[in-house]
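Visitor: I have not looked at this protein before, and I would like to be walked through it with some care.

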Amino acid sequence: MLDENEDFLEDEFINNDTSSDDEENSGLYEHFNITVDGNQEPLRIDKYLSIFRQNSTRNKISQTCRAGNVIVNGNVVKQNYKVKPGDNISVLLAHPPRENVIIPQDIPINIVYEDEDLIVVDKDAGMVVHPGHGNWDGTLINALAFHFAKDPNYNSDLDRVGLVHRIDKDTSGLLVIAKNEYALSYLAKQFFDRKTKRLYWAFVWGNLQNDEGTITGHIGRHPKNRMQMYTYEDGSQGKHAVTHYKVLERFRYMTWIECKLETGRTHQIRAHMKHIGHTLFNDERYEGNVILRGVNLPKYKQFVNNVFEILPRHALHAHTLGFVHPTTKKELYFESPMPKDMQEASERWRNYLENN
């Protein structure tokens, strides 16, 4: 996916895997890192980079500078900074280059907000966000490409549909997508700096002991099951991760919680909750699609299997999204209601508790 000498993953929030299982990942990629030649005469950095990167316009580079995504010797610089011999320059953007052409497809999507700079979508569970292995079409990006093609103001020179962050295929909820290069860089920087406001709703197995809590533990690939992420409490592997949770409603054998992330690791909520013994309800990847709590009675088993059918995916929903608008600099805040499948599942649990 990456050009050999152009792009590599710099930020820990975005996972370079574009499969359907990237959860809550967001951040910046380092598109290139160069050290200025010892014979270089002082030159504005936007001009220098436009010469160095012949496929990037000076205007595009200036917008990247304005967004604070050009770093020299560890410091953010403006477009009028003059490079000097020995300067180390990093350019951070919100995405790696595309390997495959995005095919516009007329797929219905739930747009909750749109202006000239960005669009906010409430994604349904079951829709892959970005094309990848086994999911080359029918994705949110294919749908957005079709939607943007009808907008005469859309910047068709944008490297790709302006995806700022991603959630899992089976996670429902809010996503923001940029419509121009500056908005893409500006929004990505907020995710990188953890300045966005995001809360997730989840149903987890079991009755949590405390009403609120914090889970801290490095997250990396599972040592045996490479399809899972694993919590390394001793920090021996993986990357630092912190999840705060709060109980919203208890269903005796299942709990509805709200999660706030300090970090954005792959499968962070799913791995952290499994680590403390409260795997997400019906999370097949993490063995939550079997009865983990309850009573050994045929009636109860049938009840849970019926709820699995109502909610045939892991119970995770991106409930809120808040960020500063790249142009107006005003804060925007959005809330997505509980999706129908999670709502029906919670109603079934309430009825079960009332009658048993």
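Visitor: How many helices and strands does the protein have?
Guide: The protein has 356 residues, of which 54% count as buried. As for the secondary structure of this predicted model, the count comes to 7 helices and 20 strands.

Visitor: Which residue forms a salt bridge with lysine 197?
Guide: A salt bridge requires a side-chain nitrogen of Lys or Arg within 4 Å of a carboxyl oxygen of Asp or Glu, and here the closest N and O atoms are 3.0 Å apart. Lysine 197 sits in strand β13, while its partner sits in strand β20, 134 residues apart. The partner of lysine 197 is glutamate 331.

Visitor: How many residues apart in sequence are the parts that aspartate 211 and arginine 250 tie together?
Guide: Aspartate 211 and arginine 250 form a salt bridge, with the closest N and O atoms 2.7 Å apart. Aspartate 211 lies in the loop between β13 and β14, whereas arginine 250 belongs to strand β17, so the parts tied together are separated in sequence by 39 residues.

Visitor: Are arginine 313 and aspartate 341 buried or exposed?
Guide: The side chains of arginine 313 and aspartate 341 meet in a salt bridge at 2.9 Å, N to O. Arginine 313 is in the loop between α6 and β19, and aspartate 341 is in helix α7, 28 residues apart. Residues under 20% relative accessible area count as buried, and arginine 313 and aspartate 341 are both buried.

Technical notes:
Residues numbered from 1 in each chain as written. Predicted model: local features only at pLDDT ≥ 70, side-chain atom pairs only at ≥ 80, totals over all residues. Heavy atoms only, no water. Helix = DSSP H or I, 4+ residues; strand = E, 2+ residues; numbered from the N terminus. Buried < 20%, exposed > 50% of the residue type's maximum accessible area, 1.4 Å probe, protein only.
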